[in-house]
Amino acid sequence: MLISDCLSCNDAGHLVISGCDTVDLARQYGTPLYVMSEDKIRETCRRYVSSFQTNYGGNGRPIYASKAFSCKEIYRIVLSEGLDVEVVSGGELYTALQAGVPASKIHFQGNNKSIGEIVYAVESGVGDIVVDHPSELMQIQRAAAENSTVASISFRIKPGIDAHTHDFIRTGQIDSKFGIDLISGEAMEAVRTALTMDHIVLKGLHCHIGSQILEKEPFVHAAEVMLDFYAQIRDELGVVFEHLNLGGGFGIKYRDEDLTIPYEEYMAAVSVAVHSKCKAKELPTPKIFIEPGRSIVGEAGITLYTVGSVKEIPGVRNYVTIDGGMFDNPRYALYQADYTCLIANKADQPADYIATIAGKCCESGDLIQEHTALQTPMEGDLLVVLSTGAYNYSMASNYNRNLKPACVMVSEGESRIVIKAETYEDLVRNDV
Ligand SMILES: *Cc1c(COP(=O)(O)O)cnc(C)c1O
């Protein structure tokens, strides 16, 4: 019912996150408010790290895909848990470096990095630039030559797997803006070219087959396809890579009925496939990386809002308006994302009121959820949306010149601000 084990209900009927009463948090920090459980984030990091111990004898690491939630404190937390960090823009790279992440532990992705971003990554000594397109190679080579350095890279490969169908429709994924195509031979050509470049060292290959995946098979299949390609590269070019990055995309719970798989089960299934494929192809087991984003932070986060008007339109629907909306969580407006909502100060009451949760932006599509069951709401109640830790703050905007809310981290009953709320002065800072 409450989705995540960092959530509970206290005797007052209030929702509690990692020992903090959400009603108290709202009173102390105001709403809207992002709240993240540090305890839950650390526990998830540890589960991934220990899976690498169990399945690969520690020969590999999870990498936090930080586009899910990027701020200085999250980089410090995942770094202290032994994870590497993945960034997809100069801005995320800057934030990670500011937070003290060593450049050697940063993996830089992106399907259209600017020249400026490439130069920034090379000058900073980023440990792994994941090349999305062969034309990026020349840009990296030039930047590395100008810095008298050698850039470590890997290639993002399109393995031809559609993660959201059972039969792995190949053409489905070839139609993607990300990566280099395996099946047409483009990937082999790119590997061949990279091996001739003196300011580039190709360390391995990468694939990422999708997001919010709730099945093991696509991950297993991707690992097998990639290792078949490793064997082909060894046979044709005589090269054996150091690492294999199998991407992220592990699904989380947004609603009670979402059937998630414990991360350990994905890890175990993929590890069996990796070991048996390496044995069959007589390949040494490469160092394995995975890149979870959503599953590290998603269920650890909630968003608190104050209920404004409740508009009951007989025979149509009940609009419950909140002091946030698509500017702090655009995911329903973008792709009808599922969420669980409840009234945090009535969490022990039955959820028998069917509501559409509407934001305060001047857009009819500014909704958080439609026809969802809630405790009966009243103006002034505290509405909470669960599983908002991933792709909420990181997708927030200033539409209608609304202010991005603060983010509070909670741990064992203590809370602290990790991102301050924006102010009106912040809004005009770059206006001339
Ligand atoms: C987005 C992304 C991830 C993380 O995906 P999640 O679904 O958040 O786990 C990992 N790798 C790459 C390359 C990505 O683009």
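**View 1. The lining of the largest pocket, by residue class.** In this predicted model, the lining of the largest pocket divides into 10 nonpolar, 15 polar and nine charged residues. Here Ala, Val, Leu, Ile, Met, Phe, Trp, Tyr, Cys and Pro count as nonpolar, Asp, Glu, Lys and Arg as charged, and the others, Gly among them, as polar. A pocket is an open set of points on a 1 Å grid over the protein atoms alone, where a 1.4 Å probe fits, with protein on both sides within 12 Å along at least five of seven lines; lining residues have an atom within 4 Å of a point. The volume is about 660 Å³, and Lys67, Val88, Arg156, Phe178 and His208 are the closest to the centre among the 34 lining residues.

**View 2. The ligand and its shell.** The space taken by the ligand is this largest pocket (more than half of its atoms lie within 2 Å of the grid points). Around the ligand are 15 residues (a heavy atom within 4 Å), and Lys67, Ser211, Glu291, Arg294 and Tyr391 come nearest.

View 3. Lys67 places a polar side-chain atom 2.8 Å from a ligand oxygen, and Glu291 has one 2.6 Å from a ligand nitrogen. From Gly293, a polar backbone atom is 3.0 Å from an oxygen of the ligand.

**View 4. The second largest pocket.** Its volume is about 360 Å³. Residues lining this second largest pocket include Tyr393, Lys404, Glu422 and Arg429.

Residues are numbered from 1 along each chain as its sequence is written, and side-chain values use heavy atoms, leaving out hydrogens and water. Local features need pLDDT of at least 70 and side-chain atom pairs count only at pLDDT 80 or more, while totals for chains, interfaces and linings use all residues.

How values were computed:
A polar contact is a pair of N or O atoms within 3.5 Å; within protein, one must be able to donate a hydrogen and the other to accept it, and residues adjacent in sequence count only if both atoms are side-chain atoms. Grid points are joined across faces, edges and corners, and a volume is the space filled by probe spheres set on the points.
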